[in-house]
Amino acid sequence: MEGWGDRGVMTLRWDDPAILSGNAPFCVVGVNLYRSFDSEYGPYHRVTDLPLGALQWVDRTDNELVLEEDVTEQFTLAGYNTASGVNAPRYVFKVRLGPIVKEGSQAIPANAPEDVRVYVDGVEVPALVVRGESGEVEIDSYNYPNVTTQSLDKPVLPKPGSRVTCTYRRNRVLIRTDLDKRVFYRVTTVALPPGCNASTATGGDLLETPLERAPMALRHETEKLDYIWREAIERNRWILEQGGERVKAFIRKTSGVPCFCFQDAHHKQPISDCLQCYGTGILGGYEGPFDMIISPDDAERRVSQKDIGRTVEHSQEVWTGPSPLLSQRDFLVKLNGDRFSVGPVRTPTNRGMVLQQHFTAGRFDEADIRYRVPIGNPVKYAAIQFVPEGATLSPQITNNPAIPAEVQLRGQTKAWENITW
């Protein structure tokens, strides 16, 4: 997985699935790429509309260009507004596909006239104010200086029958890499069955690898597990199975449909006791629950008096395996119903291979909104797949020609190659 360069850009690479002997009877068409935010178990949304025939894909924040949208019938303020107390006429319209964002940004709302281009009957006119959050643009109705003629030119304003268009950018895909955001990918093979004529095949003839069988990749891993450390993880898992505590993990959402409880577009603070997002700002609030095992609890419980009343203080040092991947502000639910917030997570690694997770779990009060999150049925590590309607794998430099491609484990360092072969 590569994340060099600009923010919001990930480059993914994979091996050609046609070289696998198991795929020899099939006519491989390409691969489908799936992306999931926050949880490695989904839901996964397909990134590509059609199967990819290449071995590389650059996933990036996409600020789509909307070219000359007709806004003639979308004016919210046109002509003189006596209530405003301004003598000059005002012309304000609202684009359909807002909010408006800056070019090349991480979905930063537009706030400058140069972020849009407005035309009246094919003549470009300057914008006075751009409110990117609401998608509103105001045409400059004041006289502006002409340096060439050393005079003031009158503005070009819409008239009855005029056609007004606007060119702007709106965010279609946002790949956030700030604040340790989690982005997961899976690649599936798409092929035609044996004996199917490719010239007459239809979309219904295509076969695809089940998503749960596709390996998962994430930007936190800079090296793939070799058999030594895979065995170490299995032994740690055995220890947890013998003496660990079964809990359910809820992973806080950082991407998704924004909740309607935002006070305004500037502060962007959700209501702390909202039952739609549970204070996260994203509808649903949390992914999960996911079954996992943590180390035994050996911490003290203490009832303390605070300004808000008596509370139970109970914090414990916890370690667990590398999956599911947790981060600060996720929470755990124990079998007795107590809920614990996940503190800063430390992930011991070896050459970039994530081996364990260490963190402090602190019990929060029953009045906390997170106690209102329903538990439901635990997810048994199933990858949920969504197909659309309409990065980051590093080059794997190790290769042993004597080992068949379908069984060969690959790494990215010479040390990994020396251990494995």
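Predicted model: local features only at pLDDT ≥ 70, side-chain atom pairs only at ≥ 80, totals over all residues.
Residues count from 1 along each chain as its sequence is written, and side-chain values use heavy atoms, with hydrogens and water left out. Local features need pLDDT of at least 70 and side-chain atom pairs 80 or more, while totals for chains, interfaces and linings use all residues.

Select 75-79, strand β6, and 127-131, strand β10. These are the edges, each pairing on one side only, of an open antiparallel sheet ordered β6-β7-β11-β10. Strands here are DSSP runs of E, at least two residues, and helices are runs of H or I, at least four, numbered from the N terminus; two strands pair if DSSP finds at least two bridges between them. Click A78 and you will find its bridge partner Y91 in β7.

**Stop two: salt bridges.** The whole structure has 21 of them, each a side-chain nitrogen of Lys or Arg within 4 Å of a carboxyl oxygen of Asp or Glu. Show D226 and R351, which meet at 3.1 Å, N to O. They sit 125 residues apart, D226 in the loop between β17 and α1, R351 in the loop between β25 and β26. D226 is buried at 0% relative accessible area, whereas R351 is partly exposed at 29% (buried is under 20%, exposed over 50%, partly exposed in between; 1.4 Å probe, protein chains only).

**Stop three: helix α1.** Pick R235 and E231, another salt bridge at 3.1 Å, N to O. Why about one helical turn between them? Because R235 and E231 are four residues apart in α1.

**Last stop.** Select E245, D297, R301 and K334, linked in a salt-bridge network.
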